[in-house]
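Subject: Structure for you to look at

Hello,

Here is the structure I promised to hand over. Please open it first, then read my notes below.

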Amino acid sequence: MTLWYSRNLLLGGTLSIFFAALALISFVWTPFDVESLNIAAKLKPPGASYWLGTDHFGRDVFSMIMVGARTSIAVALVAVGIGMGVGVPLGLTAAARKGGWLDEVIMRGNDLIFAFPSLVIAILITAIAGPGAINAIIAIGIFNIPVFARLTRGAALSLWEREFILAARVCGKSRTRISVEHILPNVANLLIVQGTIQFSLGILAEAGLSYVGLGAQPPTPSWGRMLAEAQTMVSFAPHLALVPGLAIVLTVLGLNLMGDGLRDALDPRIRVART
């Protein structure tokens, strides 16, 4: 079973590192300028000059994939950071005040956010502030908050009755100090695994929002918008849809495999059960 999660970590980590490397390299180099139009070279198939072909404006698809990786990863990473930065403290607070009014307010607020999918939240934000990557980050980040809050609260509640927590309370430590010093380190492995899963979902959400025009705006490339623009050209230029689609699939697959591997590697109970 060790081999199983090692394979997941290896394959998932390789795919994730590959696309992360593309995103980082795009800051300093791309084969072609993604904002330069070359109508004479439009809709060229993959070849020696253009590795993954060109789009209907003559832009290099591989260069757009590189910059699109940067956009998707940045949006998903910041959105997950917002979710963890707000949701984890809320979950710890709710668990520390179980049954109290503060716990009730936090959890009912989470239920309220869960009632509105990220796309609906994005539409609402867009109607107020206009479309853009920042608004996509806010929408996805807001949706991530209750996910981490619920996970943290559920994991923390199972720890509050443990002997080492009771010992800390006898020593006079406050609930806040116990949450930070004792609860948080013991739920960190769950948060790491959930973070990778939400990261992959964030990339999917960013692609979906860009597909309907609510994500990153032109001329910034985005995988979701590349798919939207290619849907009318699939019959004579299938590479325009296949390439960004595969990029999304492989990135999400890599992050999910890495999350599964991390879960098995960090949770000894799962390792014991599988052996």
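First, a term. A cavity is a set of grid points where a 1.4 Å probe fits but cannot get out, and its lining residues have an atom within 4 Å of a point. Keep in mind that this is a predicted model.

**The chain as a whole**

The chain has 10 helices and zero strands. From the N terminus on, the order of elements is α-α-α-α-α-α-α-α-α-α. The C-alpha trace spans about 75 × 50 × 30 Å along its principal axes. There are 275 residues in the chain, and 45% of them count as buried. The accessible surface is about 13700 Å². Carbon and sulfur atoms account for 69% of that surface. Now take the contacts between residues at least 6 apart in sequence. Of these, 69% join residues at least 24 apart.

**Cavities**

Rolling a probe the size of a water molecule over the atoms shows where empty space is left. How many cavities of 30 Å³ or more does a search of the whole structure find? There are three. The largest cavity has a volume of about 70 Å³. Its lining consists of D55, H56, R59, V61, M64, M226, E229, A230, M233 and L240. Which one gives the most? That is α8, with three residues. By class, the lining of the largest cavity has six nonpolar residues, one polar and three charged.

**The second largest pocket**

The second largest pocket has a volume of about 190 Å³. It is lined by 14 residues. Nearest its centre lie L77, G195, T196, F199 and L255. Four helices each supply at least two lining residues: α1 (2-25), α2 (61-96), α7 (175-211) and α9 (239-266). The largest share, five residues, comes from α7. How many charged residues are in this lining? There are no charged residues; 10 are nonpolar and four are polar.

**Nonpolar cores**

In soluble globular proteins, nonpolar side chains tend to be buried together. The largest nonpolar core here has 47 residues. Within this core, I65, W160, I183, F199, I203 and W223 touch the most other members. The helices that each supply at least two residues of this core are α1, α2, α5 (133-157), α6 (163-170), α7, α8 (223-230) and α9. The largest share comes from α2, with 14 residues. Another core lies apart from it, with 12 residues, among them A122, A136, I137 and L214.

I203 is in contact with S72, A76, W223, T251, V252 and L255, leaving aside its neighbours within four places in sequence.

**Two spots in the backbone**

The peptide bond from P218 to P219 is cis, with omega near 10°. Where does P219 lie? It is in the loop between α7 and α8.

The other spot is L43, in the loop between α1 and α2. Phi of L43 is near 55°, a positive value in a residue other than glycine.

Best wishes

How values were computed:
Residues are numbered from 1 along each chain as its sequence is written. This is a predicted model: local features need pLDDT of at least 70, side-chain atom pairs count only at pLDDT 80 or more; totals for chains, interfaces and linings use all residues. Side-chain values use heavy atoms; hydrogens and water are left out. On a 1 Å grid over the protein atoms alone, a cavity is a set of points where a 1.4 Å probe fits but cannot get out, and a pocket is an open set with protein on both sides within 12 Å along at least five of seven lines; lining residues have an atom within 4 Å of a point. Grid points are joined across faces, edges and corners, and a volume is the space filled by probe spheres set on the points. Ala, Val, Leu, Ile, Met, Phe, Trp, Tyr, Cys and Pro count as nonpolar, Asp, Glu, Lys and Arg as charged, and the others, Gly among them, as polar. Buried means under 20% relative accessible area, exposed over 50%, partly exposed in between (1.4 Å probe, protein chains only). Contact means heavy atoms within 4.5 Å. Accessible areas come from the Shrake-Rupley method with a 1.4 Å probe; for residues, only the protein chains shown count as cover. A nonpolar core is a set of buried Ala, Val, Leu, Ile, Met, Phe, Trp, Tyr and Cys residues joined through side-chain atoms within 4.5 Å.
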